[in-house]
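Biologist: Please put the model up, and I will ask what stands behind the terms used for it.

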Amino acid sequence: MTLLSVHDLHVHYLTSQGTVRAVDGADLDVPAGSIVGLVGESGCGKSTFGRALMGVLPSTARVAGGSILFEGRDLVALPERERRPLRWRRMAFVPQTAMNALDPVQRLRTQMLEVLCQRGGLSRTAALAKAEALFRMVGLDPRVLHDYPHQFSGGMRQRASIALALALEPALVIADEPVTALDVIVQRQVLDVLRDLQNRLNLAMILVTHDMAVVAYACDRVAVMYAGRVVESGPVAAVLEAPLHPYTMGLSHAFPDLRDTAAVLVPIDGAPPSLLTPPSGCRFAERCPFAEQACHAQPPPLIEVAPDHLAACWRSGAAAELRVRAMRAETWAP
Amino acid sequence: MTPAPIPVIAGEALAKTFRLSHRTVHAVQGVSLAVHAGEALGIVGESGCGKTTTARLLLRLEEPSAGRIRFLGDDITGRHGIALLHYRARAQLVFQNPFDALNPRFTIRRALTEPLRNFGIPRDEHAARIDAVMQRVRLLPAAAWLDRRPHELSGGQLQRVVLARALLPGPRLIVADEPVSMLDVSVRAGILNLLRAARDELGLAAIYISHDLALIRYVCERTAVMYLGRIVEEGATADLIAAPLHPYTKALIAAVPVPHVAQDRAALPILGSLGEAAPAAAGCAFRPRCPYAMPRCGAETPELRAAGPRRRVACHLAA
């Protein structure tokens, strides 16, 4: 069952230099109870996408088109007054730096009680019991509820902000780079908490990240974003093992892998295009070693190329052959 | 038998204590390491393990509380003034964040001319040196880049400029502190390949500081693992990853996610986290988090001892 279905979403930032099309026709489906990784480089629009779903865009940004179907309602068409009750109750947010989610001058207990009593309508006693249960669930000692955020380590803060996000039992949690600022051991522990919660609460989650290895470890499905669009999506196994889009193929040789010994890393030459004046054809064409005439003329649509595996590439029919060529370093030479 | 070559840089029993208003932090406690020409050493560990402080001590950016630093055999621990400036030209740093490492008002040309002027390199050599280094970092044609300012460059291009600036004075030692962590995944490989090529072709000694073992494996033959101010294990990177001896190294390796579907999701062999574990009063600093701790670990601090060829480990279990 699809919990969230985003279709052709556009988000624009109005700047002094013009309109930045940060999200420019992105599609994403999130099945109930699954963790979907939203992966891409900085500036690809993945964080803006997450914020648009929550309806917490900065004042310079606006949703310029498309639909966000969540539990049967289109959030884009919904007035703010009707959207507000959904926020935190049905979908919650975990930001990258947990310090931003936690009030530095309030004890954790005060912050948990505020959410549980005022938004959740619980009595003080019930709310306290619930806060303790939530802390236990994310692997924190309930006694630290009496502490201030600055007394916490980075991993503890991230656990606390996950507990805060779960307070009202949402169906969907959007986590924006939740483990990026953490050390590798703490990162693993926080990812294990997220996976455990998904199993126990049948929670759906969008995990925004730039790290394909985090996706491989923690996610069921993945959507790869490039320059404001989703260029490939599907089950993690399919996308990692048989990528259909040249960008995904290039990424898999571009960063080191602990288990892979002799490999020479191959960067993708160039940089993503400006979103002020995006190219008219495929956005990756300029950096793509397989680009043909047609790629520069028309943007490819995101279509189902293999069962449950979507890609936006004019050459996806030849993906098997391109995968072989993408393995060779000279393919990507500038 | 040929005598062992003199390492480019060596730290001997280095220690650094920071006295803060309420407490004293023993950031580095008796670290000894050496790096030879053409060799790359990786230092890994969690935030707060002292890896950056160790590098800053070696670069003389921080005064050691105890211990000596030798550069090509010379003791440079007490150097100051002109003598220290000479050392600075020979030991250069590549910064983590290229967006902060360059003055936004300077053109690339001025950013690159500055170290040449500071180190007293004759003016008529400047243009040729800058051309050569731009070639090395593949910012070509150089003329197209030199009159730009940092805001016109992408992160990967800026990091190439930072690397070029570090190479200009002709260093023997390059220290790179998380050199690609601020860069996009698709361009990281380019910077790592340039660093590798510069080390190989110029015969530099290199020290990489990172929390990312996968990155260290790609660029360093040798790795030192630090925990709370001490080296707990050191050895050839491939051996260390294939067969870690210290329980902390084991946990660190188990925690690294790999970009494959098939991977080990078993619970980590480590307890709690650095911030939660109370520091051990005596004995092994890792004991509160170690699943294999024995009574001896609480009584006696394990020494860093040889454990096979070019391998050192500080653990009673591995003895």
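Modeller: This is a predicted model. In chain A the assignment gives domain 1 (2-90 + 170-332) and domain 2 (104-169). The centres of these two domains of chain A, taken over C-alpha atoms, are 31 Å apart.

Biologist: What makes the contact between domain 1 and domain 2 of chain A?

Modeller: Domain 1 of chain A supplies twelve residues and domain 2 of chain A supplies 13 residues. On the domain 1 side, helix H7 (residues 184-201) of chain A gives the most, with five residues. That side of domain 1 of chain A divides into ten nonpolar, one polar and one charged.

Biologist: Why is Val266(A) called buried?

Modeller: The cut-off for buried is 20 or more other C-beta atoms within 10 Å. Val266(A) has 22 within that distance, and is therefore buried. Its place is in the loop between helix H10 (246-251) and helix H11 (293-297) of chain A.

Biologist: Which residues does Val266(A) touch, leaving out those up to four places away in sequence?

Modeller: Val266(A) touches His253(A), Ala254(A), Ala329(A) and Trp332(A), and also Ala189(B) of chain B. As for Met327(A), it lies 61 residues from Val266(A) along the chain, and their C-alpha atoms are separated by 9.4 Å.

Biologist: Ala189(B) brings in the other chain. How many residues of chain B are in contact with chain A?

Modeller: In chain B, 36 residues are in contact with 36 residues of chain A. The elements that give two or more residues to the chain B side are helix H8 (185-202), helix H9 (213-219), helix H10 (237-242) and helix H11 (247-255) of chain B. H8(B) gives the most, with eight residues. By class, the chain B side has 21 nonpolar, ten polar and five charged residues.

Biologist: How is chain B divided into domains?

Modeller: Chain B has domain 1 (9-242) and domain 2 (249-319). Over C-alpha atoms, 28 Å separate the centres of these two domains of chain B.

Biologist: What makes the contact between domain 1 and domain 2 of chain B?

Modeller: In chain B, 18 residues of domain 1 are in contact with 13 residues of domain 2. H9, strand E9 (222-227), strand E10 (230-236) and H10 of chain B each give two or more residues to the domain 1 side. The largest share, seven residues, comes from E10(B). By class, the domain 1 side in chain B has eleven nonpolar, two polar and five charged residues.

Biologist: Why are H4(B) and H7(B) called roughly parallel?

Modeller: Two packed helices are described by the angle between their axes and the distance between the axes. Helix H4 (residues 108-118) and helix H7 (residues 155-167) of chain B pack at an angle of about 25 degrees, with axes 8 Å apart. Angles under 35 degrees count as roughly parallel. H4(B) and H7(B) are therefore roughly parallel to each other.

Biologist: In which hand does H4(B) pass H7(B), and which residues make the contact?

Modeller: The crossing is right-handed. H4(B) contributes Ile108(B), Ala111(B), Leu112(B) and Pro115(B), while H7(B) contributes Val161(B), Ala164(B) and Arg165(B).

Biologist: How do these residues of H4(B) and H7(B) divide by class?

Modeller: They divide into six nonpolar, no polar and one charged. Arg counts as charged, and Arg165(B) is on the H7(B) side of the contact.

How values were computed: Residues numbered from 1 in each chain as written. Chains lettered and ligands numbered in written order. Predicted model: local features only at pLDDT ≥ 70, side-chain atom pairs only at ≥ 80, totals over all residues. Contact = placed C-beta atoms within 7 Å. Helix = DSSP H or I, 4+ residues; strand = E, 2+ residues; numbered from the N terminus. Domains from an automatic or database assignment. Axes fitted to C-alpha atoms, helices over the stretch in contact; angles between N-to-C directions. Parallel < 35°, antiparallel > 145°, perpendicular 65-115°, else oblique. Left-handed = near helix turned anticlockwise from the far one by under 90°. Buried ≥ 20, exposed ≤ 12 C-beta atoms within 10 Å, placed from the backbone.
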